[in-house]
Amino acid sequence: MKLGNFAGMGAGSSKKEKGKVLDTISGIFNPILPAITGAGMMKALLVLLTALNVVSPTSQTYIALEFIADAAFYFLPMMLAVTSAKKFNTNAFLAITIAGVLLHPTFTAIVGAGESFSFIGLPVQLVGYGTSVIPIILAVWLMSYVEKFAEKVTPKVVSFFVKPLLTILIVAPITLMVIGPLGMMIGNGLAYVFLWMSENLGWLALPVMAALCPWIIMTGMHHGFTPLTMSAFSKYGYDPITFPASLCSNIAQGGAALAVGVKSKNPEIKQLATSAGITAVFGVTEPALFGVNLRFKKPMMGATIGATVAAIYAGVVVLKAFAMATPGLASLAMFIGEGEFSKNILHAVITLVIALVVSFIATWIIGFEDEPVEVEETKNEEKEVVPLNKKVKVMSPMEGTILPLSEVKDATFSQEIMGKGIAIEPTVGQVVAPFNGTVTALFHTKHAIGLTSDEGVEVLIHVGIDTVQLNGEHYKAYIQNGDKIKAGDLLVEFDIEAIKVAGYEVVTPVIITNTPTYSDIIPMKEGLILKGEELLTIL
C-alpha cells in the first residue's frame with residue numbers, strides 16, 4: 001500500500017509550526033482518551049439501563065454508577081495536568097498541584113456560595129473548573145516558564161525546596177486570577193463555535209466534515225479538532241459535529257467496501273472486502289480504507305457520497321454524540337442522551353442506515369477496476385508473480401518473542417484481514433530491514449512501515465497496537481518513503497517502556513500484504529528470535 005511520503009510533511013516553516021501544534025495537542029489529549037471513552041460509554045449505559053427500567057434513578061446502585069462515570073470528567077484538569085506537563089517538559093506533580101488548587105473543596109465551596117473573594121486585595125473570579133479543559137493547559141504552559149525562571153534564580157543549595165515554592169507561589173495566584181478565567185472564556189468560546197455551527201450550519205458543516213474525514217485523519221489534522229470537541233463536551237455534554245460526522249464516514253467506508261466484496265469476481269478480493277466492510281461498520285475502518293477503497297480508488301467516491309448524504313440528514317436533525325468513542329455499530333450507545341433516548345438514538349440508527357445503503361449503491365453504480373483471478377500462465381502479463389517453486393525468505397526485523405497473529409488484540413491482524421504473517425513481542429526497540437528492497441510507505445506517525453522486497457514481497461511492520469494514537473511520539477525514523485534498503489539496515493527506533501506507560505501494547509505484527517500472490521507463508525521459528533534470523537518462508 002503506497003500512501004504517500006508522510007515523512008516529508010514537515011517542509012517549510014509554517015508546516016513545521018503546524019505540525020508542532022498538532023503534535024502538542026495530540027500529546028496532551030490522546031493519553032487520556034481511554035479514561036474519557038470508558039466514562040462516556042458508562043454514562044450512555046446508565047441512561048440505557050434507566051430507560052429500560054433496569055436501574056432506578058433513585059437507587060444507590062444508580063448513584064454509585066453515576067459518580068463513577070462522572071469522575072473522569074470532573075477531574076479532567078488533573079489528567080490534563082499530567083499530560084500537559086509531559087508535553088511542556090515541566091514537573092508533573094507541580095502541575096497536578098495547580099490542578100488541585102482549581103478543584104480544591106474550599107475554592108469550590110466559595111464558588112458555590114457566590115460571594116466575592118480576593119487575594120492580596122485583587123479580585124478572584126468565581127469560576128468552577130470541574131470538567132474544564134483549556135485553563136489547566138494554559139496554567140501548565142505558564143508553569144513551564146516559571147519553573148525554569150525559578151531554577152535560574154534559586155541557589156543550588158536551597159533549590160530543592162525554594163524552586164517548587166516559587167513556582168507554586170507565582171503560578172497558583174496567576175491561574176486563579178487571570179489564566180483560569182481566560183481559559184474558561186476560550187473553552188466556552190470554542191464550545192459556542194461548535195454549537196453555533198450545529199444550529200446554523202449543521203446541514204453544511206456536517207457534510208463537509210464527513211466528506212473530508214478520511215483525508216483529515218490520514219494527514220493527522222484530526223488532532224486539531226480535539227480541543228473543540230472536548231470543550232463542547234465540557235460545556236454542553238455533547239458533540240454535534242465531529243463524532244456524528246465520523247459515524248457517517250466510518251459506516252460509508254464499510255458500505256463501499258461491502259459493495260466491492262459483493263461485486264468482485266476475484267475470491268480473494270471478495271473475502272478481503274467483505275471482512276473489511278463488516279469491520280468498518282463496527283467502527284474499525286483501516287482495513288476498508290487502506291486495503292480496499294483507496295486501493296481501488298473509485299470506491300472512495302462511493303464512500304464520500306454515502307457519508308455526505310448521511311451527514312446532511314444528521315445535520316438537519318442535529319444528531320448529538322454524548323460520549324467519546326470510535327463511532328460505529330458497536331458503539332451506538334454513545335448517541336444515547338438523557339431525556340432524548342428514543343429520538344437521538346433513532347436518528348443515529350437512521351444516519352447509519354443511510355450511510356451504509358447510499359455508499360453501497362453509489363459504489364455499485366460507479367464501479368471499480370476489479371483484479372482478475374491470476375492463472376499460472378498468462379500472456380503479456382505485466383505483473384510478475386513469484387513462481388511457486390521459489391522460496392523467498394523474510395528475516396526478523398526485530399528481537400523478541402514470536403506470537404501467532406491469532407493472539408494479537410486487533411481483529412485487523414488476528415483475523416488476517418490484511419494478510420498472513422506473524423507477530424513479535426519486542427525486547428529491543430529497533431526495527432531493521434528484513435530483506436533488500438524499497439520503503440514504499442512510511443506513516444507520518446512512524447509506527448508502521450510498508451516495505452517491498454526486490455522479489456516483490458510486500459510487508460507491513462506495525463509496531464504496537466493502536467499506537468497511531470501516539471502520533472509519532474516515542475518513535476524515531478531513519479528512512480523515508482522511496483529509500484532503498486538492505487537487510488539489517490536500521491529503519492525505526494522506539495521506546496518500549498514509554499509506549500507501555502502511555503497505555504499501549506508493543507506487540508508488532510509483520511504482515512505479508514500481498515498474500516494472495518503466493519501459495520503459502522510459513523513461520524520458521526517459535527519462541528525467542530534475534531534480528532536477522534529467518535522469520536518467514538514464502539512459497
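1. A disulfide is a pair of cysteine sulfur atoms within 2.5 Å. This is a predicted model. A search of the whole structure turns up zero disulfides. Cys-213 is in none, and the nearest cysteine sulfur, that of Cys-248, is 9.2 Å away. That is too far for a bond. Cys-213 is buried, with a relative accessible area of 7%. Cys-248 is buried too, at 0%.

2. The UniProt record, an unreviewed entry, places the feature "transmembrane region" at several spans, among them residues 62-80, 92-114, 201-221 and 303-325. In the model, residues 62-80 are 95% helix and 0% strand, and their end C-alpha atoms lie 28 Å apart. For residues 92-114 the end C-alpha atoms lie 31 Å apart, with 91% helix and 0% strand.

3. Where is the nonpolar patch, and which residues form it? It is on the surface, made of Trp-203, Leu-204, Val-208, Leu-212, Trp-215, Ile-312 and Val-316. Together these residues have about 680 Å² of accessible area. Helix H8 (159-218) and helix H13 (298-317) each supply at least two of the patch residues. H8 gives the most, with five. Leu-204 has its place in H8. Leu-204 is partly exposed, with a relative accessible area of 38%.

4. Helix H12 covers residues 286-296. Eight of its eleven residues are buried, so the helix is largely enclosed by the rest of the structure. The buried residues are Pro-287, Ala-288, Leu-289, Phe-290, Gly-291, Val-292, Asn-293 and Phe-296. Just after H12 comes Lys-297, which takes a positive phi of about 65 degrees.

5. Now the sheet. Strands of a sheet pair through backbone hydrogen bonds, either parallel or antiparallel. Here eight strands form an open sheet with antiparallel pairing. Their order is E11-E7-E8-E9-E13-E5-E4-E15. Strand E11 (484-485) and strand E15 (528-529) stand at the edges. Each has a single partner strand, so one side of each is left without a neighbour in the sheet. Within the sheet, strand E8 (residues 448-453) pairs with strand E9 (residues 458-462) over five bridges, in the antiparallel sense. Thr-452 stands opposite Glu-458 in E9.

6. How many salt bridges does the structure hold? There are three. Side chains of opposite charge can pair when their charged atoms come close. Glu-473 lies in the loop between E9 and strand E10 (475-477), and Lys-87 lies in helix H4 (residues 76-87), so the pair ties together parts that are 386 residues apart in sequence. Lys-87 is partly exposed, with a relative accessible area of 21%.

7. Another salt bridge joins the side chains of Glu-534 and Lys-393, at 3.8 Å from N to O. Glu-534 is in strand E16 (residues 534-538) and Lys-393 in strand E3 (residues 392-395), so this pair links parts 141 residues apart in sequence. Glu-534 is partly exposed, at 23% relative accessible area.

8. Lys-409 forms a salt bridge with Glu-505, their closest N and O atoms being 3.3 Å apart. Lys-409 lies in the loop between strand E4 (400-403) and helix H15 (411-414), and Glu-505 in the loop between helix H16 (496-501) and strand E13 (508-512), so the pair ties together parts that are 96 residues apart in sequence. Lys-409 is exposed, with a relative accessible area of 64%, whereas Glu-505 is partly exposed, at 31%.

Terms used:
Residues are numbered from 1 along each chain as its sequence is written. This is a predicted model: local features need pLDDT of at least 70, side-chain atom pairs count only at pLDDT 80 or more; totals for chains, interfaces and linings use all residues. Side-chain values use heavy atoms; hydrogens and water are left out. Buried means under 20% relative accessible area, exposed over 50%, partly exposed in between (1.4 Å probe, protein chains only). Helices (H or I, at least four residues) and strands (E, at least two) are DSSP runs, numbered from the N terminus. UniProt positions are given in the numbering used here, feature names are shortened, and annotations may be inferred rather than shown by experiment. Patches are made of residues with over 30% relative accessible area and no salt bridge: like charges are joined within 9 Å, nonpolar side chains (Val, Leu, Ile, Met, Phe, Trp, Tyr) within 5 Å. Accessible areas come from the Shrake-Rupley method with a 1.4 Å probe; for residues, only the protein chains shown count as cover. A salt bridge is a side-chain nitrogen of Lys or Arg within 4 Å of a carboxyl oxygen of Asp or Glu. Two strands pair if DSSP finds at least two bridges between them.
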